[in-house]
Amino acid sequence: MAKPRGYCAGVDRAVVTVEKALELYGAPVYVRKEIVHNRHVVDTLAAKGAVFVEENEEVPHGSVVVFSAHGVAPEVHDQAAERGLKAIDATCPLVTKVHKEARRYAEEDYDILLIGHEGHEEVVGTSGEAPEHIQLVDGPDGVDGVQIRDPEKVVWLSQTTLSVDETMETVDRLKKRLPMLQSPPSDDICYATQNRQQVVKDIAAECDVMLVVGSKNSSNSVRLVEVAVQHGARSGHLIDFAHEIQEDWLDGASTVGLSSGASVPDNLVQDVLAHLAQRGFTSVEEFEPVTEKITFQLPRELVTDLRAAGRA
Ligand code: SF4
């Protein structure tokens, strides 16, 4: 078993934000987009009274709306204000850091090459900070299409949940075209993504099969399967739930690797362990080369209301 795995500080904060908002304001609390990309988490919050919507227009005037951990463009805040919504922003602080970098480089009139996956909510939100300055580079193959104004004033930033190795490959190709390309002041790929990938790399070669618990729309979860196979696992599979494990995946396997994406609660991993134990995989070893201690405070607007209600 890989550790760290599962919940990161940003996901934990986002989920607790919705739970506390439900307790404080009462149901329904509207949530724009999936709060985090995990089916089980979304269904559990929906059962408690969260209503998931795609856009602010679906939220009744004056209601409470929570923005997801992936971040939103500034115009989404403006729309919420126009509708008189009480907006609580659960954007992960590490995504907010990338937004700030984008704003700063745009103010200095840089061309910004944002490495990320087209259409991903985080990329849409970050691009919205400075659409006239930001170009998306979707992996190494996106490099050839890049167009810039001044080769001495260009910087790359990235989505927080990418493959570290593939991102560096993209950067290397960009630097061949643009030798003066500047790098972000600190890593944009977040600590949680990097740690989960590193542990999977460390154990992959010993695994006949790598199982990653996570949803198909979870970027960091999908990357973990790719990383496992690239680093020696004979096969890798992404599953939301233990019952999705197909028996033939385990045929001939003596060692199964297990990890989970940053939006996955650990009870789903424990279900997989129980499923594997029933099939003879009873000896469990946890490999934890790094201990994570990061936590984030809840959004300020929620903390203010919790304090006013004597609940914080
Ligand atoms: S994966 Fe990283 S950026 Fe995304 S919520 Fe977790 S800590 Fe934040």
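In which helix does Asn220 lie? Asn220 belongs to helix H8, residues 219-230. The points below take up this residue and several others.

1. Basis of the model. This is a predicted model, in which local features need pLDDT of at least 70, side-chain atom pairs count only at pLDDT 80 or more, and totals for chains, interfaces and linings use all residues. Residue numbers start from 1 along each chain as its sequence is written. Helices (H or I, at least four residues) and strands (E, at least two) are DSSP runs, numbered from the N terminus.

2. Annotated positions. The unreviewed UniProt entry places a "binding site" at His37, His70, His120, Ser218, Ser219, Asn220 and Ser263. UniProt positions are given in the numbering used here, feature names are shortened, and annotations may be inferred rather than shown by experiment.

3. Asn220. This residue is buried, because 28 other C-beta atoms lie within 10 Å. The term buried requires 20 or more other C-beta atoms within 10 Å of the residue's own, exposed means 12 or fewer, and partly exposed is in between, with C-beta atoms placed from the backbone. Not counting residues up to four places away in sequence, Asn220 touches Thr161, Thr193, Arg196, Gly261 and Ala262. Contact here means that the C-beta atoms of two residues, placed from the backbone, lie within 7 Å.

4. His37. The loop between strand S1 (29-32) and helix H2 (39-48) holds His37. His37 counts as buried because it has 28 C-beta neighbours inside 10 Å. Its contacts, leaving aside neighbours within four places in sequence, are Ser215, Asn217, Ser218 and Ser263. Ser218 and Ser263 are also among the positions that UniProt lists for the "binding site".

5. His70 and Ala69. Both are loop residues: His70 lies between strand S3 (64-67) and helix H3 (74-82), and Ala69 is found in the loop between S3 and H3. His70 is buried, with 27 C-beta neighbours inside 10 Å, and Ala69 is buried with 30 other C-beta atoms within 10 Å. Leaving aside neighbours within four places in sequence, His70 is in contact with Lys33, Val95, Glu121, Glu122 and Gly125. With residues up to four places away in sequence not counted, Ala69 touches Gly10, Val11, Ala14, Ile35, Val36, Ala90, Thr91 and Cys92. Ala69 and Ile35 are 34 residues apart in sequence, yet 6.0 Å apart in space from C-alpha to C-alpha.

6. Domains. The division is into domain 1 (9-92 + 295-308), domain 2 (94-177) and domain 3 (191-278); such bounds come from an automatic or database domain assignment. Between domain 1 and domain 3, the C-alpha centres lie 29 Å apart. Their contact takes 7 residues from domain 1 and 9 residues from domain 3. On the side of domain 1 that touches domain 3, H2 gives the most, with 3 residues. That side divides into 3 nonpolar, 3 polar and 1 charged, where Ala, Val, Leu, Ile, Met, Phe, Trp, Tyr, Cys and Pro count as nonpolar, Asp, Glu, Lys and Arg as charged, and the others, Gly among them, as polar.

7. Helix H9. Residues 266-278 form H9, which has 13 residues and reaches 19 Å from its first C-alpha to its last, close to the 18 Å expected at 1.5 Å a residue. The expected span is 1.5 Å times one less than the number of residues. Leu268, Val269, Val272 and Leu276 are buried in H9. They lie on the same side of H9 because they cover an arc of only 100 degrees around the axis, the arc being that of the directions from the helix axis to the C-beta atoms. The buried residues of H9 pack against H2, strand S8 (209-213) and strand S10 (256-260). On the face turned away from the buried side are the exposed residues Asn267, Gln270, Ala274, Ala277 and Gln278. Just after H9, Gly280 takes a positive phi of about 100 degrees.

8. Backbone points to check. A cis peptide bond joins Lys3 and Pro4, with omega about 5 degrees; Pro4 is in the segment before helix H1 (9-25). Another cis peptide bond joins Ala27 and Pro28, with omega about 0 degrees, and Pro28 lies in the loop between H1 and S1. Lys33 is not a glycine but has a positive phi of about 70 degrees; Lys33 counts as buried, with 21 C-beta neighbours inside 10 Å. Asp109 also has a positive phi, near 65 degrees, and sits in the loop between helix H4 (93-107) and strand S5 (111-115). Asp109 counts as exposed because it has 10 C-beta neighbours inside 10 Å.
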